[in-house]
Amino acid sequence: MLLHGKSISPGVAHGTAYVLDVGEWLSAALAVKASGSAERELGRFDLAAMRAISQLERVSRQLKHQGRGDDADIFGAHALMLSNTDFRQRVLSRIRDHGASSEAAVATVVAELQDTFKASPQPFIQDKAADILDIGRRVILCLSNENDREAHSSQIVVAPSLMPSEFVRLAHQGIAGVVTESCSMKSHTAILARGFGVPFVTGIADAVSLITNGATVLLDATTGRVLVNPRDSERRLENELRQHIAKTAALTEPAPATTADGVPVKLLLNISDPLESRAVGQFSLAGVGLFRTEFLYMDRPTWLNEEDSFAAYQSVAGSVGTGELHIRLADFGAEKCPAYADIPVNKNPSLGIRGVRLLLDREDILRPQVRAIARVAQQRPVTVLIPMIDTLDTLQAIRGKLVDACDLAPGESLPFKLAAMIEVPAAAMMIDELIEYVDAVSIGLNDLTQYLLAADRDDELCERYHDALQPAVLRLLHQVVTAADAAGKPVTLCGELAGDASLTGVLLALGVRRFSVSRSHVPLVAKALRQADVAQLTPFAAELLAQRRGQDVRAVVANRFQ
Ligand code: PEP
Ligand code: MG
């Protein structure tokens, strides 16, 4: 069977299917024993419920979009039932008072509510019995996705969707590839897959029903093809894919230090895990341009302490050698939230207490991390990236907290360089003022595009609106690059656009010289940089910036750059 989806992370893989689904879910859930303290179980339940609510809301929006309002209302109502504090209270009391696991607590509450609903004389209340069963199944499915079942290097994970924390856990187990029903291109799960170099195809409707556990799967994630249990008539395609797998495994392209006409450029690596930093040596990269440290906190039961953080940073420093090392302070919030995290769930997480705002409130998270970075900085130069800077007020406040965390005497300077991540439009607009207070800036174009265009980067329905080629985005990008150049401070582009080799010429024309990209983007961006002639590209900057519509920018790109 040949299935067609969309490529999230290129590459090819073959293996057996590992389907993340539960079969006899209710009885299986009842048998699950608590794996830690009640607090840990409560954390697991809250995360799974949050995830289920966001799935339900997404399905509801999709159905509405397709004009199926009545169906959409059912999923909307499920989300409401799950948000209901009574349901949560019942689950919590099973966990606290009876020492139940989250799975068993949910299954018990579902069974109790079912009995109550069925016993009602009112038909519309009886109908709720089926709803509650459906909701319980969904929450348990979300919980089971973060169970400790092991996937292996020869396995291709098949799931409805994956949270970043689930992906990290599976990547650590060494999975060969991923197939999901949904995933947005700019989501952190997608970014992680590119970083880990795990081939990933999405957009396969009903994948968890179509692909059975243990099926043979050949994944061509470059073109989005998924070949399941190849039949005789599909042998030619199978051979073609197997040859492709063998060829691409050997592909490495060392990064250049200059473009074809001798303009100095830097190609750096975005990482989320120390393992990924090995690519620095493999591709002769200039270093790690963005270490998304928040992912170190995902695949574990508690917050990281100073020692654990130090060990992780040391390991990256070892791989980077004499190259640059940019460590980002943990950027928690929205969907980046560890299962045990006692951090606020905002009404609108993308606009809530996230990134630097959370760190300002949480010395217990900030201090061990900063002290660990300071220890690395005693041995080699380090730049600390501050995520989600919005205003100068926030920048000055976090600087004060960093000074406190390092126990500096008055007048003593920080042991590391400081860079602001420019991801919030307000920060981009105030770049001339902000830049005075930092040593460098890093443009997080994924979030900058999201906030500038009011288009959720995690929502597949918004994908066409999350468009970094809109003139508004390009002009703001250019403004930040120009301001940093004028101040003589390094500016690095580290959003996903930096990894799109078909746009390397455009970015060079706009003045970008430092690119920080995921591992799977390195070979093509390295090649594009090596072949680029900046003198020829630069005159097109004015033309690009003069465009009024996204489609006009695309026309210029097609005519002049490709
Ligand atoms: C960005 O927003 O572009 C960025 C680099 O940060 P992250 O993708 O981790 O949010
Ligand atoms: Mg960001």
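A polar contact is a pair of N or O atoms within 3.5 Å. In this predicted model, a backbone N or O atom of L445 lies 3.0 Å from an oxygen atom of ligand 1, so the pair falls under that definition. The points below cover the chain's domains and the surroundings of the ligand.

**Domains**
- The domain assignment divides the chain into domain 1 (2-20 + 149-249), domain 2 (25-143) and domain 3 (266-560).
- Between the C-alpha centres of domain 2 and domain 3 there are 37 Å.

**Where the ligand sits**
- The largest cavity holds ligand 1.
- There are 15 residues around ligand 1, and those that come nearest are R292, R328, G444, N446 and R457.

**Polar contacts of the ligand**
- R457 has a polar side-chain atom 2.8 Å from an oxygen atom of ligand 1.
- At G444, a polar backbone atom is 3.4 Å from an oxygen atom of ligand 1.
- Ligand 1 taken alone exposes 290 Å², and the protein buries 100% of that area.

**Make-up of the shell**
- Three elements, α9 (188-196), β10 (287-292) and α19 (445-453), each supply at least two residues of the shell around ligand 1.
- The most comes from α19, which gives 3 residues to this shell.
- Sorted by class, the shell around ligand 1 contains 6 charged, 5 nonpolar and 4 polar residues.

Terms used: Residues are numbered from 1 along each chain as its sequence is written. Chains are lettered from A and ligands numbered from 1 in the order in which they are written. This is a predicted model: local features need pLDDT of at least 70, side-chain atom pairs count only at pLDDT 80 or more; totals for chains, interfaces and linings use all residues. Side-chain values use heavy atoms; hydrogens and water are left out. A residue is near a molecule or strand if one of its heavy atoms lies within 4 Å of it. A polar contact is a pair of N or O atoms within 3.5 Å; within protein, one must be able to donate a hydrogen and the other to accept it, and residues adjacent in sequence count only if both atoms are side-chain atoms. Accessible areas come from the Shrake-Rupley method with a 1.4 Å probe; for residues, only the protein chains shown count as cover. On a 1 Å grid over the protein atoms alone, a cavity is a set of points where a 1.4 Å probe fits but cannot get out, and a pocket is an open set with protein on both sides within 12 Å along at least five of seven lines; lining residues have an atom within 4 Å of a point. A molecule sits in a cavity or pocket if more than half of its atoms lie within 2 Å of its grid points. Helices (H or I, at least four residues) and strands (E, at least two) are DSSP runs, numbered from the N terminus. Ala, Val, Leu, Ile, Met, Phe, Trp, Tyr, Cys and Pro count as nonpolar, Asp, Glu, Lys and Arg as charged, and the others, Gly among them, as polar. Domain bounds come from an automatic or database domain assignment.
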